[in-house]
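Look over the sequence and the model before reading on.

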Amino acid sequence: MNLNLTLIAQAIAFALFIWFCVKFIWPPLTRAIEERQKTIADGLAAGERGKQELEAAGKRAGEELAKARGRVGEIIASAEKRDAQMLDEAKAAAREEADRILAAAKADIDQQVARAKEALREQLASLAVAGAEKILRREVNAQTHADLLNQLKREI
């Protein structure tokens, strides 16, 4: 065998192998590599977008939290104001009720005093009549004594 012929045959076989690899193996391989690079780039971009969205969401959450704290402060202030208002209303109602009860008690006391005075007048009148009877039994002029007793009743 000739060394040159073997070398040329190997060179032709190697050239066919390279042509075959370039024609049939290399394009799908480069497509797969490019798709993988694109997928990795998309994943990195998506990760970057996710990071930015997370930061934006954190800022929005902080703003919403600040708004909520402001609303809570307003609600608490409103509740305290309403509490004070209800307390004032309750105090006013209690004062009115106390004044009404006091007025009723005074009216009741005045009625009882009037009844007591009337009862005392009646008792005094009874005592006066009893005294007058004793006087009349001793003296004969009943008309004069009756006039005196009536005048005494009116004065009392």
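Phe20 and Phe24 sit about one helical turn from each other, because they are four residues apart in helix α1. Their rings form a tilted aromatic pair. The model is a predicted one.

**Aromatic pairs**
- How many aromatic pairs does a search of the whole structure find? The search returns two.
- Trp19 and Phe24 make an edge-to-face pair, with 6.1 Å centre to centre and 90° between the planes.
- Phe20 and Phe24 are 5.2 Å centre to centre, with 45° between the planes.
- Trp19, Phe20 and Phe24 together form one aromatic cluster.

**Exposure in the cluster**
- Is Trp19 buried or exposed? Trp19 is exposed, at 51% relative accessibility. The cut-off for exposed is over 50%.
- Phe24 has a relative accessible area of 46%, so Phe24 is classed as partly exposed.
- Phe20 is also partly exposed. Its relative accessible area is 41%.

**Leu7 and the helix**
- Where is Leu7 placed? Leu7 lies in helix α1, which covers residues 3–138.
- Leu7 has a relative accessible area of 53%, so this residue counts as exposed.
- Leu7 and Ala130 are 123 residues apart along the chain. Their C-alpha atoms are separated by 172 Å.

Definitions and conventions. Residues are numbered from 1 along each chain as its sequence is written. This is a predicted model: local features need pLDDT of at least 70, side-chain atom pairs count only at pLDDT 80 or more; totals for chains, interfaces and linings use all residues. Side-chain values use heavy atoms; hydrogens and water are left out. Helices (H or I, at least four residues) and strands (E, at least two) are DSSP runs, numbered from the N terminus. Buried means under 20% relative accessible area, exposed over 50%, partly exposed in between (1.4 Å probe, protein chains only). Rings of Phe, Tyr and Trp (its six-membered ring) pair if their centres lie within 6.5 Å; planes under 30 degrees apart count as stacked, over 60 as edge-to-face and the rest as tilted.
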